Each structure stands twice: as C-alpha cells, then as structure tokens.
Amino acid sequence: MSGAWRILGVFSRALALTVAIELPLCLLFFRKPGRLCLRAALTVLLMNIVTNPILNLALLLIYQASGSSLAAYYAALAVGEVAVVAVEAIIMCAALGASRRRAAMASVALNAASFLLGLLI
C-alpha cells in the first residue's frame with residue numbers, strides 16, 4: 001500500500017472515530033424533539049468532515065517539516081485543538097442558534113471526549 005493510501009486510511013479512521021464519539025454527545029447538548037436534533041447531528045457531522053482532516057493534515061505537515069520533532073507536533077496539536085474548538089463553537093452558534101456559552105461548552109466537551117478516547121484507542 002502506498003504512503004498516500006495509508007495516510008488516507010489513517011485520516012478516515014480518525015474522522016470515523018471522531019464522528020462516532022461526538023455525534024451521540026451532541027445530542028445530549030441539543031436534545032430537543034424533532035428537527036433540532038437532526039440539525040445538531042448534521043451540523044456536527046459536517047463540521048467534523050471539514051475540521052478533522054484539516055487539523056490532521058496540518059499536524060502531519062508540521063511534523064514532517066520539523067524533522068519529526070515531537071515538540072513541534074505537540075505544540076501544533078495544542079494550538080490546532082484550541083482553534084478547532086473555537087471554530088466549531090462558532091459553527092454551533094450560527095447553525096443551531098445556540099448561545100455562545102452553550103456552544104463553547106458543547107465544543108469543549110465533544111472535542112475533549114474524542115481527543116481523550118482517541119488517545120486510549
């Protein structure tokens with residue numbers, strides 16, 4: 001298997017794991033009968049389809065450009081995760097009409113859960 005296919009496989013598994021963890025959790029934050037639950041699920045799915053591969057590609061490129069420096073990787077990971085939390089909170093505010101506080105809490109919880117469970121797997 002070529003390097004590109006291997007990377008695509010890793011990225012796909014990371015995205016699938018993220019969605020599998022964050023989708024059910026989003027329903028705890030935005031559990032209202034009917035359309036809002038579906039809207040919340042679609043919002044989380046679509047925002048992860050965008051943010052997850054971008055973050056993973058950026059981390060890969062930074063790791064390679066830094067000569068495989070773990071310090072550079074972890075610094076980029078921290079900055080990238082904070083950026084993703086902020087972007088996803090903004091998306092939840094706009095798409096779901098959530099308050100900034102609720103969107104921020106949901107974004108932190110969803111991303112913390114997927115990050116921590118990703119470490120264990």
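**Figure 1. Overview of the protein chain.** Of the 121 residues in the protein chain, 30% are buried (under 20% relative accessible area; exposed is over 50% and partly exposed in between, with a 1.4 Å probe and protein chains only). This is a predicted model: local features need pLDDT of at least 70, side-chain atom pairs count only at pLDDT 80 or more, and totals for chains, interfaces and linings use all residues. Residues are numbered from 1 along each chain as its sequence is written, and side-chain values use heavy atoms, with hydrogens and water left out. The chain has four helices and zero strands (DSSP runs numbered from the N terminus: H or I, at least four residues, for helices; E, at least two, for strands). Its radius of gyration is 15 Å, close to the 14 Å of the globule rule for 121 residues, so the chain is as compact as a globular protein of that length. That radius is taken over C-alpha atoms, and the rule is 2.2 Å times the number of residues to the power 0.38.

**Figure 2. Helix 1, residues 3–29.** Helix 1 has 27 residues. At 1.5 Å a residue they should span 39 Å, and the end C-alpha atoms are 39 Å apart, which agrees. The expected span is 1.5 Å times one less than the number of residues. Buried residues in helix 1 include F11, L15, V19 and C26.

**Figure 3. The largest nonpolar core.** Twelve residues build this core, among them C26, F30, V44, M47, M92, L96 and L110. A nonpolar core is a set of buried Ala, Val, Leu, Ile, Met, Phe, Trp, Tyr and Cys residues joined through side-chain atoms within 4.5 Å. Helix 2 (35–65), helix 3 (70–96) and helix 4 (100–120) each give two or more residues to the core. Another core, of five residues, lies apart from it; L55, A76, L77 and V84 are among them.

**Figure 4. Around V44.** Leaving aside neighbours within four places in sequence, V44 is in contact with E22, L23, C26 and L110. Contact means heavy atoms within 4.5 Å.

**Figure 5. An aromatic cluster of Y63, Y73 and Y74.** Rings of Phe, Tyr and Trp (its six-membered ring) pair if their centres lie within 6.5 Å; planes under 30 degrees apart are stacked, over 60 edge-to-face and the rest tilted. The structure holds three aromatic pairs. Y63 and Y73 are edge-to-face, at 6.0 Å centre to centre and 85° between the planes. Y63 sits in helix 2 and Y73 in helix 3, 10 residues apart. Y73 and Y74 have ring centres 5.4 Å apart and planes at 75°, so this pair is edge-to-face. At 30% relative accessibility, Y63 is partly exposed. Y73, at 24%, is partly exposed.
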